[in-house]
Amino acid sequence: MTHRPDAGPPPSAMPSAVCPAHQGPGTPLYGPDFAADPHTVYERLREYGPAAPVELAPRVRATLVTDYRAALHVLRTPEAFVKDARHWRAFTEGRVEADNPVVPMMAYRPNCLFSDGDDHRRYRQAVDDSLARIDPNALRGYVERSADSLIDRFTALGEADLLGSYAKTLPLLVFQQLFGCPTEIGDRLVEGFSGIFDGVDAERADALITSSLQELIALKRELPGADMTSWLMAHPVQLSDEEMLHQLVVLIGAGTEPQQNLIANALRLLLSDDRFAGDLAGGSMPVEDALDEVLWLDPPMANYAVHYPTADLDLGGVPLRAGEPVVVSFAAANTDPALRSDRRTGNRAHLAWSAGPHHCPAKDPARLIAAVAVEKLLDRLPDLELAVPAERLVWRPGPFHRALTALPVRFPPVPVPVPAPQPPHPGGAPSAGRAAAGHDPWRQTMDRLTCPVAIDPAGADIHGEAARISAHGPAVPVELPDGVVAWAVTSQPLLKRLLTDPRVSKDPRRHWPAWINGEISPEWPLYTWVSVTNMFTAYGSEHKRLRTLVAKAFTARRTAALRPRIEEMAAALLDGLAATAPGESVDLREHYAYSIPIQVICELFGVEDEATREGLRRCVDSIFHTSADPEEVTATYTELYGLLGGIVAAKRAKPGDDMTSVLISARDDDAKTPLSEQELVDTLLLMIGAGHETTVNLLDNAIHALLTHPEQLALVRAGKAGWNDVIEETLRHQAPVASLPLRYAVEDIELDGGVTLRQGDAILAAYAAAGRDRAVYGDDGARFDVTRATKDHLSFGHGVHFCLGAPLARLEAEVALPALFERFPDMALAVDPKELVQVDSFISNGHRMLPVRLRP
């Protein structure tokens with residue numbers, strides 16, 4: 001690089017293509033589009049000049065500095081740009097509310113990150129002096145020991161999520177050592193900081209961090225040790241408890257989330273970029289080079305260093321107003337086209353550690369932790385490779401960080417002599433059997449931090465994740481979105497047993513303490529799954545009452561009578577598809593797999609209006625979208641109940657020969673089986689939603705399986721297997737609902753191996769995992785085989801909650817599949833199967849699109 005990093009301020013004559021002050025709210029930095037491709041956004045923002053208008057969250061406006069020289073000017077000119085957020089006018093004037101998700105990352109705290117002048121120098125002296133007491137050799141030992149312990153837990157599995165099982169956990173183990181933090185406090189801090197960085201219930205997360213650190217400070221006042229917390233307390237500047245708390249906020253916050261992102265991003269680069277992948281066995285230099293590359297291109301904190309102009313001023317031709325946030329984009333500045341060299345390996349002039357008086361004080365320990373973590377992993381598992389193409393990895397939305405949602409990998413299994421211990425109870429309390437067995441404190445800490453397993457909300461690798469969970473046992477604590485913990489039951493025999501156990505309920509209002517205590521927010525992505533009042537969430541006699549009202553629509557006779565109509569629908573759709581030109585691609589999920597089920601269920605319930613059908617489809621898709629943000633959850637809930645209320649009102653005014661009218665009659669006229677208005681509406685939701693989404697996935701997955709396994713299709717065409725074999729094997733191999741929330745333990749339930757489901761514990765039925773259970777199907781459970789002797793599955797549930805619509809779903813598949821393959825015998829996928837993308841859900845198991853060519 002020929003440009004000097006210490007160059008002076010940018011010339012004020014630099015032209016600004018568009019004035020940010022006159023451009024409305026600016027480009028949002030908090031959605032999935034930005035997370036997926038931030039550098040394209042930065043390129044577009046450069047059209048404004050060295051800085052551009054952005055939104056950090058809804059109604060939180062800021063100016064983002066994208067120019068390298070301009071960024072250095074902001075960072076190195078404290079007399080013009082201050083860090084004290086009490087200068088933030090929109091916040092102090094009440095235009096940004098305290099519960100806004102970015103406030104905890106921006107609001108003033110009395111610490112070295114948010115202070116200026118003498119206060120900053122005082123805080124920084126305490127921090128710098130305490131960090132200087134860390135022995136690098138001891139730190140390396142902490143990291144190596146932590147890394148070995150984590151790797152031991154998955155090395156025999158042959159696959160892992162390196163984010164959840166390694167990069168996310170390792171820094172937590174290290175900071176517990178460095179800060180003398182007990183495990184139970186560390187767990188709460190992890191939850192709090194994750195909420196802060198993700199902007200998920202940030203106000204609650206902030207309160208959790210505060211209470212946890214207050215507890216740590218009180219502990220260390222009483223029992224000081226050789227750790228960062230105690231050193232800060234003993235420092236001559238004599239920090240108060242409040243000041244202590246806020247120094248710890250910045251130190252622990254910077255030592256967890258950004259550290260895990262640095263490790264994960266470096267591993268992603270090493271495993272996906274040919275420049276590095278070829279030299280993984282060549283020692284530490286490729287690791288150091290990869291760290292340099294990541295710190296330049298994908299720094300763990302992509303946009304931060306919030307400053308506030310002390311007066312109205314001009315930044316390279318861009319006007320800035322006093323008190324308005326100015327955010328430095330480290331990622332954009334590092335890739336500024338004006339920098340005249342692309343050589344990044346060995347080049348430390350990037351801004352990932354910031355610059356000026358507020359540069360990161362812990363960059364050396366942070367880099368050491370990352371380097372040792374990556375080196376240790378590659379040394380232990382030299383044949384590591386990504387389990388999915390790099391372009392299919394998903395980035396977590398958020399304005400500040402550059403963070404993956406998961407990093408699935410595979411490798412040749414390496415046996416570990418000592419078996420990993422049993423995972424802990426979700427509440428954190430070990431079972432009596434486990435306590436009696438005895439564990440060393442380090443292993444207990446490992447258990448608490450590595451379990452529960454975090455479910456990927458996007459469902460990017462459903463079967464890989466299912467295998468990883470199954471490897472820990474038949475019932476494993478997992479973390480659902482927003483930190484909700486449940487037991488994932490992956491064993492088919494155990495799941496079948498629990499689905500018929502009267503001690504297992506589906507009613508959260510009676511049996512789930514988190515719901516009863518008001519801990520579940522209406523903005524939770526799974527809220528509709530547990531909040532509805534219909535047979536899906538009913539228990540005992542209430543379930544029997546609600547199920548009886550609907551069962552009459554799904555008798556064997558009524559289902560069989562629908563065959564001619566389904567055949568008519570399929571024929572009409574195939575006639576339309578036949579108009580597709582030879583060689584042209586068509587999406588069969590959209591134009592066939594979806595069309596039949598939604599048409600059948602809407603006719604059954606008398607939903608005739610096309611706009612209403614489309615609205616219901618949109619809402620149901622959103623309900624299955626398990627990584628939805630709070631705004632989408634709220635909007636879907638409002639739209640959905642508006643549509644359902646409209647259907648009920650229309651059928652009350654003009655009843656018909658349909659199930660909606662039957663339910664209304666039961667609600668209004670039948671005193672023997674009383675039905676509340678809410679139960680009526682929620683029953684419609686259940687039947688319409690479950691009545692089409694699962695069948696769409698069944699058809700989608702069956703078509704995909706036959707097109708990717710032509711030898712299986714040949715068996716069907718030769719009469720060696722029937723279409724029912726295809727349907728049942730598809731249901732086993734690719735359960736349409738991968739995991740179904742939720743059930744609850746009515747009382748303590750003892751399982752094999754000393755595991756106990758405690759009263760009130762939530763249970764996740766892991767149907768996708770159960771469909772490939774090695775104990776049932778052997779080692780080839782992942783193979784699609786229509787001649788398989790054992791095709792038993794739980795894809796439609798089991799016991800009293802067995803799906804009422806299962807015969808109808810099977811009938812639709814019995815009609816739709818042979819008709820399609822007979823009409824288009826030369827049909828083939830239009831893309832490489834690896835290019836197909838799963839729907840954004842860990843519940844729904846299907847493809848976003850299924851493009852095929854009907855004829856060559």
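I listed the buried residues of helix H21 (residues 492-499) in this predicted model. They are Gln492, Leu494, Leu495, Leu498 and Leu499. These residues lie on the same side of H21, because they cover an arc of only 160 degrees around the axis. I then checked the start of H21, where a side-chain oxygen of Ser491 comes within 3.3 Å of the backbone nitrogen of Leu494.

Next I turned to salt bridges. A search of the whole structure gave me 43.

I found Arg268 paired with Asp298, at 3.2 Å from N to O. The two belong to distant parts of the chain, 30 residues apart: Arg268 is in helix H13 (residues 241-272), and Asp298 is in the loop between helix H15 (285-297) and strand E6 (303-309). I noted both Arg268 and Asp298 as buried.

For Arg617 and Glu590, I have the closest N and O atoms of the salt bridge at 2.5 Å. This pair also links distant parts of the chain, with Arg617 in helix H30 (residues 610-624) and Glu590 in helix H28 (residues 588-593), 27 residues apart. Glu590, at 29%, counts as partly exposed.

My last pair was Asp780 and Arg783, whose closest N and O atoms are 2.6 Å apart in a salt bridge. I logged Asp780 as partly exposed at 28% relative accessibility, and Arg783 as partly exposed at 39%. Through shared partners, salt bridges join Asp780 and Arg783 with Glu729, Arg732, Asp785 and Arg788 in one network.

Methods: Residues numbered from 1 in each chain as written. Predicted model: local features only at pLDDT ≥ 70, side-chain atom pairs only at ≥ 80, totals over all residues. Heavy atoms only, no water. Buried < 20%, exposed > 50% of the residue type's maximum accessible area, 1.4 Å probe, protein only. Helix = DSSP H or I, 4+ residues; strand = E, 2+ residues; numbered from the N terminus. Arc of directions from axis to C-beta. Polar contact = N/O pair within 3.5 Å; in protein donor to acceptor, adjacent residues only side chain to side chain. Salt bridge = Lys/Arg side-chain N within 4 Å of Asp/Glu carboxyl O.
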